Every structure is written in C-alpha cells, then in structure tokens.
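Here is a short briefing on how a structure is put together. Please look at the sequence and the 3D view first.

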Amino acid sequence: MNSRPVLEAAGLSTSFRARGGRVARAVDGVDLELGRGEIVALVGESGCGKTTLARTLLGLERPSAGQVLVGGVPLRYDGRALKAFRRRVQLVLQDPTGSLNPRHTVYEAVAEGLRVHGVAGDEQQRVVDALSRVGMRPAERYFLRYPHELSGGQRQRVVIAGALVLEPEVLVADEPVSSLDASVRGEILALLLQLRDELGLSVLVVTHDLGLAWNIADRIAVMYLGRIVESGPTEQVLADPSHPYTRALLSVVPESHHLEPVVLAGEPPDPTRMPAGCRFHPRCPQLASGEAAAAGVDGECRAGSLPVLPASKEHAAACFLSAARQGMLTD
Amino acid sequence: MTLLQLEDVSVTYRTADGPVPAVRGVSLELEAGSTLGIAGESGSGKSTVAATVLRLNPASATVTGRVLLDGEDVLGMNFGRLRAVRWAEASIVFQGALHSLNPLQKIGRQVAEPVLLHGQADTRRGADAMTRELLGQVGLPPRLASSYPHQLSGGQKQRVMIAMALACGPRLIIADEPTTALDVMVQAQVLDLLTALVHDLGVGLVVISHDLSVLGTTCDRLAVMYAGRVVEEGPSADVLDRARHPYTRALSAAYPTIGDPAARFAPRGLPGDPPWPGDLPAGCPFHPRCPEAVDVCRTEDVRLRPAAPGHQAACVHVAAEVTG
C-alpha cells in the first residue's frame with residue numbers, strides 16, 4: 001500500500017500574463033495534499049485562485065513553479081503521461097447541463113471516456129457498473145435517454161458516472177452541487193461520500209460553500225489570493241477558525257448562527273497587484289480594529305513575509321496575529 | 001392599505017405539450033416597510049409569481065385572480081397605466097442581472113434612462129445628478145457612472161441593478177434571486193443593502209430565492225412554494241425553526257447549520273426531483289418524495305390550513321396536530 005498522498009501540490013504556482021504586460025499570480029505558492037480516500041474542500045471567493053489550483057492539479061495548466069505529484073511521482077507534461085494521469089484523476093464540473101453533449105445519449109456520454117482511453121473489455125458492462133454506482137438503476141433503462149430528458153440531479157449523476165467508468169483514484173469536483181436544486185443537493189453529496197466509502201476514492205471539492213464542506217469534507221483548505229491561508233480538519237477550522245479571513249467568511253454564511261457577521265468591504269483584490277506583507281491585510285478587520293497593533297504585529301502584517309503554509313493534516317493558519325497569540329499561549 | 005396583495009393568482013402557460021399550470025392559486029400579502037421571502041426550487045412557480053406582479057408574463061400565459069398594488073388591480077390596468085406603474089411604483093431586480101446591463105452603454109446612461117423616461121428629471125444634467133445620488137445610495141462611488149459594465153465586478157453590477165430599480169422611487173421592489181451568482185461575502189453585502197433600503201426608505205421588498213437560509217436572514221415573513229402552490233407561510237423564524245411542512249424541513253436541512261454534529265458526514269436531501277409543472281402527481285404534489293406520506297396523501301390535495309398564529313401549512317399532518 002502506497003502511503004504517499006494520491007495527489008499533491010508542492011510549492012505550486014501558476015501565473016497568467018494579464019493585459020498591459022502584468023502577470024496575474026493566480027496560484028502563488030501552494031502546498032496541499034490529498035490522501036487516499038480523503039475528501040478535501042478547497043474554499044474561497046471567486047478570483048482567489050481555487051479553480052486555477054484545481055486545473056493545475058488536473059494537469060490542465062502548467063505550473064510556473066513547483067510540482068504536481070501523483071502517488072509521490074512528479075507529473076510529466078508529455079502527451080502520453082498526461083493521458084495516463086487523466087485516467088487516474090477525473091474532473092466533475094459545476095453545470096451538468098453544460099458538460100453533457102445534448103446530442104449524446106447517456107450511454108455514449110458514459111462510454112466516451114472508455115473510447116478515448118482505448119479501454120479494452122466489455123464496454124457495456126463497464127457502463128452498467130458506472131451508472132449503477134451512481135444510483136441510476138436499472139442502468140439499461142437510461143442508456144438511450146438524452147440529457148434533456150433527465151432532471152438536473154440525474155444529469156449530474158451521469159457526469160459522475162462518466163468519470164467513474166475509468167476507475168479513477170481521484171475526483172476533482174468544481175462546485176458539484178451549486179447549480180442543483182436544494183432538495184437534490186443532499187443526494188449528490190451523499191453519493192460522493194458513498195463513493196469514497198465503497199471505492200476508496202479521493203475527492204477534492206472546489207467550492208465557496210462552507211455548508212458543503214461541513215457535510216462531506218474531512219479537511220478544509222481556505223484560499224485567498226493564490227495562497228492557502230488556513231487548513232486543517234473541518235471540525236477545527238469551521239468551529240474554531242484562526243485566520244480573520246476564515247472567520248469573516250464563516251460569519252456571513254447564513255448557516256452559521258454563532259458569529260457576529262463581519263462583512264468585508266470590497267471584493268478580493270487583484271492577483272496582478274499583490275499587496276505587500278500579509279496579502280489579506282488591506283481588508284483585515286483585526287488590523288483595522290487595532291488588535292494587530294495591540295499585539296505588536298501590525299508592522300509585520302503590512303510588510304512582513306508570511307511563509308507558505310505547509311501541507312500538513314494539522315490545523316494551521318498563515319496569520320501574524322494568530323501566530324503571536326499562540327506564542328503567548330505556549331510561553 | 002396593504003401594499004401588495006395577491007388573491008388566488010393562477011398562471012397557466014400554453015405550450016406545445018398542452019397547458020402547463022405554473023402557479024395554482026397563490027395568495028400573499030406584503031405591507032410597506034416589510035420583507036417577504038418566496039422560497040422554492042426550479043419549477044415551483046416562484047419567478048412566475050414575481051413576473052405576474054408587474055404583468056411581465058409572456059403572451060402564452062393566462063393569468064387569473066387579482067394582484068392588488070395599493071388596492072389597484074394590476075391585471076385590470078390598461079397599458080398606459082401599467083407602464084406608469086412599472087418602475088415608478090414597483091420595480092424588479094432580475095435574476096441574472098449580471099447579464100441584463102447593456103455592455104455598450106456606460107453605467108450612468110443606463111441608470112439615467114428610467115429617470116428620464118418617467119419624468120423624474122427634465123434635463124440630462126438633472127438626470128446625471130440623480131444618477132450619482134442613486135449610485136451613492138447603493139454604496140457605489142459616483143465615478144462609476146462613466147464606466148462600462150465589463151469594468152465592474154459582479155457585486156457592483158448587482159448594485160447598479162438595484163440603483164436602477166430605485167430610480168423612480170418605487171414603493172415595492174421585487175428581487176428575483178438577487179444574490180445567486182454572487183460570492184458569500186458579496187452576497188452578504190447585497191443583502192445588507194437591500195435590508196437597509198427597506199428600513200430607510202420604507203419600501204416593501206419581495207425576495208425570491210432557492211436558498212431558504214438567505215431568505216431567513218433578510219425577510220420578516222416567508223412563503224415556501226412547491227409545484228405552483230404556497231405550501232407553508234408564516235413569520236421567518238417560525239418557518240425556519242418550527243417548519244410544519246415536510247418539504248420546508250427538507251429545504252432547511254439541505255443547507256446544514258455549520259457546527260451541527262447531526263449534519264456532519266450526513267448531507268440530507270430528498271429522493272427524486274421536483275415535479276414538472278405539466279405533469280403533477282395526484283393528491284398532494286409532494287407525496288412521492290415525502291418521508292411522512294400516508295395513504296390519504298395520494299388522493300387528497302391538501303390546501304393551506306392554520307398551523308399556529310399567523311402560520312399556515314398545506315399538509316395533512318398539520319390538521320391532525322391542530323385538532324387532536
């Protein structure tokens with residue numbers, strides 16, 4: 001049994017050239033691990049870099065620095081290696097209506113991956129197995145249906161079956177339930193949990209939905225402007241967040257009743273213009289309120305450099321103030 | 001006088017597959033200075049209700065019942081009167097507002113358009129001044145008037161849409177999924193803004209959303225729709241915390257309370273999907289998905305009945321509790 005994480009980001013950065021010759025550092029130094037049979041939620045606002053990180057982990061973007069490792073082996077970017085990699089790491093997109101070809105039947109949609117990868121053996125049996133796995137039973141009844149004949153929840157199940165048919169080790173799911181009806185959402189999340197239990201599948205869920213993380217994720221990684229700012233076991237991060245950004249994010253979720261809402265002004269800043277110091281400092285309520293100054297770290301918040309949060313299973317946050325406070329506690 | 005009153009409103013769309021009853025006998029009320037939330041999933045009829053208030057339904061729709069705006073029946077208005085009512089007395093912030101702005105026109109021109117059309121200002125200059133004031137009211141810097149939509153973020157565009165809705169000083173604002181495409185933080189900003197407007201300007205606000213928890217934090221009263229009907233209605237806190245209809249309970253459970261151990265590794269949903277309005281099940285339309293269905297649910301189409309003071313629900317179990 002290989003004890004290495006099934007998928008890893010090591011010092012990963014991904015940049016894009018933006019207009020005016022500037023460089024957008026969408027992912028800017030990320031260490032992250034996904035263990036076997038583990039569900040990790042990657043959360044943050046739009047523009048924080050979570051989708052770019054997911055695309056880089058899928059081999060769809062080339063990192064500008066650092067590495068993606070699969071079972072401990074660095075990913076190579078030649079055609080054959082990438083193709084083999086994509087069998088092991090499958091993507092499930094947000095909008096099942098957009099990711100299914102309206103002219104393909106359910107059977108064709110699920111079998112397509114097998115054909116692309118030239119998988120030998122009984123194609124029909126594999127399609128039946130995949131559809132049964134996602135709860136579309138009897139599978140044969142759905143073979144000739146077209147996407148428009150299915151409900152939203154069924155479409156998302158077909159998309160997941162299309163990924164499962166290749167027997168991957170990892171699913172990367174980008175907002176897997178955000179376009180589904182509320183009452184259907186729970187069923188799809190339960191399916192992801194069930195697949196983890198039955199197949200030992202690892203899942204990286206990219207989402208802005210903290211309730212989803214509470215529902216299914218073992219661990220959570222909170223991303224802000226290209227970096228992971230806090231990560232750890234879901235219970236610890238969501239019950240006792242250390243980073244002011246995580247606290248703010250949690251406080252505005254209607255499902256969390258115990259926190260006074262901290263509505264941050266403005267929107268996530270521009271990845272082409274990283275602020276100096278802690279990249280959250282221009283919006284940080286703790287810095288604005290003088291708490292950071294009282295702890296004597298406001299200078300560092302504005303100009304100091306924060307180390308990249310290591311890929312550990314422990315609860316940790318990249319914040320000068322919380323580090324200073326923890327220092328005080330341990331002294 | 002009640003600001004908005006819907007009395008037994010039904011809307012049926014004519015389609016190639018026959019008539020589709022999207023809304024089936026909805027009655028609702030809203031007082032000025034208060035907020036009503038309408039929750040429901042796709043096909044529940046909630047957006048059709050919103051469109052009906054200003055008679056924005058397509059020509060294929062047949063509307064019956066009464067929609068009283070300050071006591072005047074919108075369904076009986078002639079077109080000239082209706083045109084005056086739209087924007088000036090009631091306005092809508094649409095779902096997908098992020099795509100409703102004209103990409104080729106500066107923000108200021110677009111906000112000024114209803115101002116000029118409805119005679120709120122006589123001159124371009126007067127309209128410009130009002131535009132700046134409106135942008136300020138929704139928390140945007142007035143200089144954005146000379147920007148194009150693509151230069152704005154999603155949250156800013158949604159604020160522009162709200163500024164336009166306010167342009168003619170309406171007494172009623174209907175917001176259809178005002179925060180759906182927005183991030184949590186921006187969503188909180190927009191909801192704060194809408195709540196403040198109700199408070200400061202005394203307008204009536206109807207918010208439509210699929211997300212019960214979003215409505216719970218903003219609305220005084222909540223109506224939950226399923227298959228074209230209101231299945232539960234009452235004060236927000238009661239509907240959220242003491243839901244009487246099994247569907248409402250399922251909707252609340254779909255978005256877990258973070259920190260609730262019962263929801264940890266236990267996402268809750270309902271089997272099946274919301275019904276297609278053109279093909280509703282017999283009896284209670286919710287019975288095929290209902291965890292508490294009994295035999296009578298297959299045949300009896302239960303209407304709203306009192307569950308508690310000011311709180312009603314359409315479920316056979318509610319009657320049992322009240323009488324027995």
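The points below cover the chain contact, the domains, a helix pair and a sheet.

This is a predicted model: local features need pLDDT of at least 70, side-chain atom pairs count only at pLDDT 80 or more, and totals for chains, interfaces and linings use all residues. Residues are numbered from 1 along each chain as its sequence is written, while chains are lettered from A and ligands numbered from 1 in the order in which they are written.

**Contact between chains A and B**
- Chain A puts 36 residues into the contact and chain B puts in 35; two residues are in contact if their C-beta atoms, placed from the backbone, lie within 7 Å.
- On the chain A side, H6 (152-164), H7 (182-199), H8 (210-216), H9 (234-239) and H10 (244-251) each supply at least two residues.
- Helices (H or I, at least four residues) and strands (E, at least two) are DSSP runs, numbered from the N terminus.
- H7(A) gives the most to this side, with nine residues.
- The chain A side divides into 18 nonpolar, 12 polar and six charged residues.
- Ala, Val, Leu, Ile, Met, Phe, Trp, Tyr, Cys and Pro count as nonpolar, Asp, Glu, Lys and Arg as charged, and the others, Gly among them, as polar.

**Domains of chain A**
- Chain A is assigned domain 1 (7-222) and domain 2 (241-330); such bounds come from an automatic or database domain assignment.
- The domain centres, taken over C-alpha atoms, are 30 Å apart.
- In the contact, 19 residues of domain 1 meet 16 residues of domain 2.
- E2(A) gives the most to the domain 1 side, with eight residues.
- That domain 1 side has eight nonpolar, four polar and seven charged residues.

**Helix pair in chain B**
- The axes of H3 (107-117) and H4 (124-137) of chain B come within 9 Å and cross at roughly 115°.
- Axes are lines fitted to C-alpha atoms, for helices over the stretch in contact, and angles run from 0 to 180 degrees between N-to-C directions.
- H3(B) and H4(B) are therefore roughly perpendicular (65 to 115 degrees).
- Residues making the contact include B:Val111 and B:Val115 of H3(B), and B:Thr131 and B:Leu134 of H4(B).

**Sheet in chain B**
- Eight strands form an open sheet with mixed pairing, in the order E6-E7-E8-E3-E9-E10-E12-E11; two strands pair if DSSP finds at least two bridges between them.
- The edge strands are E6 (90-93) and E11 (305-308) of chain B.
- The twist averages 20° from one strand to the next.
- E7 (172-176) and E8 (204-209) of chain B run parallel, joined by five bridges.

Conventions. Parallel < 35°, antiparallel > 145°, perpendicular 65-115°, else oblique.
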